[in-house]
Amino acid sequence: MKQATLHALLSYRTDLRPVVLATNLVTGEEGLIDPGDDRVIADLPAPVAEALMGVLRSDKSTTVETDDGTLFLNVFNPPLRLIIVGAVHIAQPLARMATLTGYRVTVIDPRSAFASEERFPDVTVLSEWPDDAMNEIKPDSRTAIVTLTHDPKIDDPALETALSSTAFYVGALGSKKTHAARLERLEKAGFNETQRERICGPVGLAIGAKSPSEIAVSILAQMTESLRQKYG
Amino acid sequence: MTDLEEDILQTAKVWKSLGKNVALATVVATWGSSPRPVGSQMAVDDSGQFVGSVSGGCIEGAVVQEAQDAMSDGAVRLLDFGVSNSQAWEVGLACGGKIQVFVEPLV
């Protein structure tokens, strides 16, 4: 790889922009393909353009055969993001574990006593109402959203914003009873069944988690399942 | 730094800027069970130091050697590892899978 290519690749990543590194496995020649550049995409042979769209969507790199030999398309999507609503106890291990897994984590809680930087080192902490904060963050298909407060005043606006986004995972902490009441409120707010069914609640895989850290494991496992199995 | 893949490429850049020779190894195809997905990378310097991984640790040693050869001759390499490999007992994959690794010098 040429150093210039490596530097350009790293600057795409710094800017949080998707890019595909195409390398001819016979000659070693390489180039970066910017999926936002329509002219470049239009010039690609049809099988390459198709494979390019595939790797961006699935986040899985692959090879494609061309007249000039095998081309390897290595996809570099922007990092996964996790929005945690509610700076409660479970949020602390969840923020740390998700960071280790490669997520950029934002914790939102309008109660400033909860949302302190000291309790959440190395993650973005916003002491704002979740709908305001999330409108700025703009969740996309590489974003997971988890609400943890149990307080409808805080959780509901977050869930309404989440269901209007393309987030790949939406989870809400609360018992079956709490969740049923929540779904009723969302129905009244005009969300149809398909939309309401996107919410994983009670949140997390059923692994008998008890402590905040174990509950964080079950949530992160369910996020991973959604990312890799349901939409992979 | 939390995103491990970013760490690898960033490390390659830093090593190169320090005047070291560097090669990159990338998993480009897998068959059967394999511990690391396609796209997984490793950066190797001329002293044999490396970051990242292309398997669960079974073939890294062989890849480091090929990476150092690539730094010397400047050529790219496409390597196949798997149970059918004649060196299977040495550098084979315990999981029974097969992987293809592309090795290239950073020039």
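**A buried charge and its partner**

Reply: A:D109 is buried, with a relative accessible area of 0%. This is a predicted model.

Me: Which residue does A:D109 form a salt bridge with?

Reply: The partner of A:D109 is A:R111, and their closest N and O atoms are 2.9 Å apart.

Me: Is A:R111 buried or partly exposed?

Reply: A:R111 counts as partly exposed because its relative accessible area is 27%.

Me: Which residues do salt bridges with shared partners join into one network?

Reply: That network consists of A:D59, A:R142 and A:R228.

Me: How many salt bridges are there over all chains?

Reply: The search of the whole structure gives 13.

Me: Which residue does A:D34 pair with?

Reply: A:D34 forms a salt bridge with A:R17, with 2.8 Å between the closest N and O atoms. The pair links distant parts of the chain, 17 residues apart. A:D34 sits in the loop between strand 2 (30–33) and helix 2 (38–43) of chain A, while A:R17 sits in the loop between helix 1 (3–14) and strand 1 (19–24) of chain A.

Me: And is A:D34 buried or exposed?

Reply: A:D34 counts as buried because its relative accessibility is 16%, and the cut-off for buried is under 20%. A:R17 is at 37% relative accessibility, so A:R17 counts as partly exposed.

Me: What about A:D37 and A:R39, what do their side chains meet in?

Reply: The side chains of A:D37 and A:R39 meet in a salt bridge, at 4.0 Å from N to O. A:D37 is partly exposed at 23% relative accessibility, whereas A:R39 is exposed, with a relative accessible area of 67%.

Me: Let's change topic. Which peptide bond is cis, with omega near -10°?

Reply: The bond from A:G201 to A:P202. A:P202 is found in the loop between strand 10 (199–200) and helix 9 (212–230) of chain A.

Me: Where is A:K138, the one with a positive phi?

Reply: A:K138 is in the loop between helix 5 (130–137) and strand 8 (143–147) of chain A. Its phi is about 55°, although A:K138 is not a glycine. A:K138 is exposed, with a relative accessible area of 56%.

Me: What is phi of A:H150?

Reply: Phi of A:H150 is near 70°, again a positive value in a residue other than glycine. A:H150 lies in the loop between strand 8 and helix 6 (152–163) of chain A. With a relative accessible area of 46%, A:H150 is partly exposed.

Me: Now a helix. Which residues of helix 4 of chain A are buried?

Reply: In helix 4 (residues 91–100), the buried residues are A:A91, A:P93, A:L94, A:A95, A:A98 and A:T99. As background, an α-helix has 3.6 residues a turn, so residues three or four places apart point the same way.

Me: What follows helix 4?

Reply: Helix 4 of chain A is followed by A:G102, which has a positive phi near 110°.

Me: Zooming out, how many helices and strands does chain A have?

Reply: Chain A has nine helices and 10 strands. Its C-alpha atoms fill a box of roughly 60 × 40 × 35 Å along the principal axes. Of the 232 residues of chain A, 50% count as buried.

Me: How many positive and negative side chains in chain A?

Reply: There are 24 positive and 31 negative side chains in chain A, and the centres of the two sets lie 7 Å apart.

Me: What does chain B look like in terms of helices and strands?

Reply: Chain B has three helices and five strands. From the N terminus on, the elements of chain B run α-β-β-β-α-β-α-β. Buried residues make up 46% of the 107 residues in chain B.

Note on methods. Residues numbered from 1 in each chain as written. Chains lettered and ligands numbered in written order. Predicted model: local features only at pLDDT ≥ 70, side-chain atom pairs only at ≥ 80, totals over all residues. Heavy atoms only, no water. Helix = DSSP H or I, 4+ residues; strand = E, 2+ residues; numbered from the N terminus. Buried < 20%, exposed > 50% of the residue type's maximum accessible area, 1.4 Å probe, protein only. Lys, Arg positive; Asp, Glu negative; His and termini not counted. Charge placed at Lys NZ, Arg CZ, Asp CG, Glu CD.
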